[in-house]
Amino acid sequence: MLNSKTGGHVDYIGDHMSYALEIMRAVDSPRVRILYDIYHMQIMEGDIIRTLTDARDWIGHYHTGGVPGRAEIDGTQELHYPAIVRAIRETGFDGFMAHEFIPRSGDPLRSLAEAVELCAQG
């Protein structure tokens, strides 16, 4: 799942959850799941919490990233990650979440630690 609006992914076919879910239902295998990239899906569709809740059975992994700009997932970004993480937990998800952003702070390890702490609030 990538966005087709920014970042050089113009005309990327897997840019909407409806398309990914169509594939998941056709394949119908527990070995195939969606990597739900929150950054990309916020750009394309928004409505993150409802979407990940409705698609809970098909999501196998999550990526974070600040919108706009794929920066840290801090208070300068439009998404509130504690609420998103809380919603993910409420789906029963017990897999992994990767932090995939471009640190602006100059200290990538500090930025990562802050992202982990922010998500632990959820």
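Helix α4 is followed by glycine 92, whose phi is positive, near 90°. Helices here are DSSP runs of H or I with at least four residues, strands are runs of E with at least two, and both are numbered from the N terminus. The model is predicted, so local features need pLDDT of at least 70 and side-chain atom pairs count only at pLDDT 80 or more, while totals for chains, interfaces and linings use all residues. Residues are numbered from 1 along each chain as its sequence is written, and side-chain values use heavy atoms, with hydrogens and water left out. Glycine 92 sits in the loop between α4 and β3. Its relative accessible area is 53%, so glycine 92 is exposed. The cut-offs are under 20% for buried and over 50% for exposed, with partly exposed in between (1.4 Å probe, protein chains only). The C-alpha atoms of glycine 92 and methionine 24 are separated by 19 Å, and these residues are 68 residues apart along the chain.

Helix α4 itself covers residues 81-90, and its buried residues are Tyr81, Pro82, Ile84, Val85, Ala87 and Ile88. These buried residues pack against α2 (38-44), α3 (48-54), β2, β3 (96-99) and α5 (108-120). Contact means heavy atoms within 4.5 Å.

Val85, Ile88, Arg89, Phe93, Gly95, Met97, His99, Val116, Cys119 and Ala120 line the largest pocket. At least two lining residues come from each of α4, β3 and α5. The space in this pocket is about 160 Å³. Rolling a probe the size of a water molecule over the atoms shows where empty space is left. A pocket is an open set of points on a 1 Å grid over the protein atoms alone, where a 1.4 Å probe fits, with protein on both sides within 12 Å along at least five of seven lines; lining residues have an atom within 4 Å of a point. Grid points are joined across faces, edges and corners, and the volume is the space filled by probe spheres set on the points. By class, the lining has seven nonpolar, two polar and one charged residues. Ala, Val, Leu, Ile, Met, Phe, Trp, Tyr, Cys and Pro count as nonpolar; Asp, Glu, Lys and Arg count as charged; the others, Gly among them, count as polar.

Two aromatic pairs are found in a search of the whole structure. The ring centres of tyrosine 36 and tyrosine 62 are 6.0 Å apart and their planes stand at 75°, so this pair is edge-to-face. Rings of Phe, Tyr and Trp (its six-membered ring) pair if their centres lie within 6.5 Å; planes under 30 degrees apart are stacked, over 60 edge-to-face, and the rest tilted. The pair links distant parts of the chain: tyrosine 36 is in strand β1 (residues 34-37) and tyrosine 62 in strand β2, 26 residues apart. Tyr36, Tyr62 and Phe93 form one aromatic cluster. At 1% relative accessibility, tyrosine 62 counts as buried.

Strand β2 (residues 59-64) also holds histidine 63. Histidine 63 is buried, at 14% relative accessibility. Beyond residues up to four places away in sequence, histidine 63 touches Leu35, Tyr36, Asp37, Ile38, Tyr39, Ala98 and Glu100. Its side chain makes a polar contact with the side chain of histidine 61 (3.5 Å). A polar contact is a pair of N or O atoms within 3.5 Å; within protein, one must be able to donate a hydrogen and the other to accept it, and residues adjacent in sequence count only if both atoms are side-chain atoms.

Most residues other than glycine have a negative phi, and most peptide bonds are trans. Aspartate 47 is not a glycine, yet its phi is positive, about 50°. Aspartate 47 lies in the loop between α2 and α3. Arginine 70 also has a positive phi, near 55°. Arginine 70 is placed in the loop between β2 and α4. A cis peptide bond joins valine 67 and proline 68, with omega about 5°.
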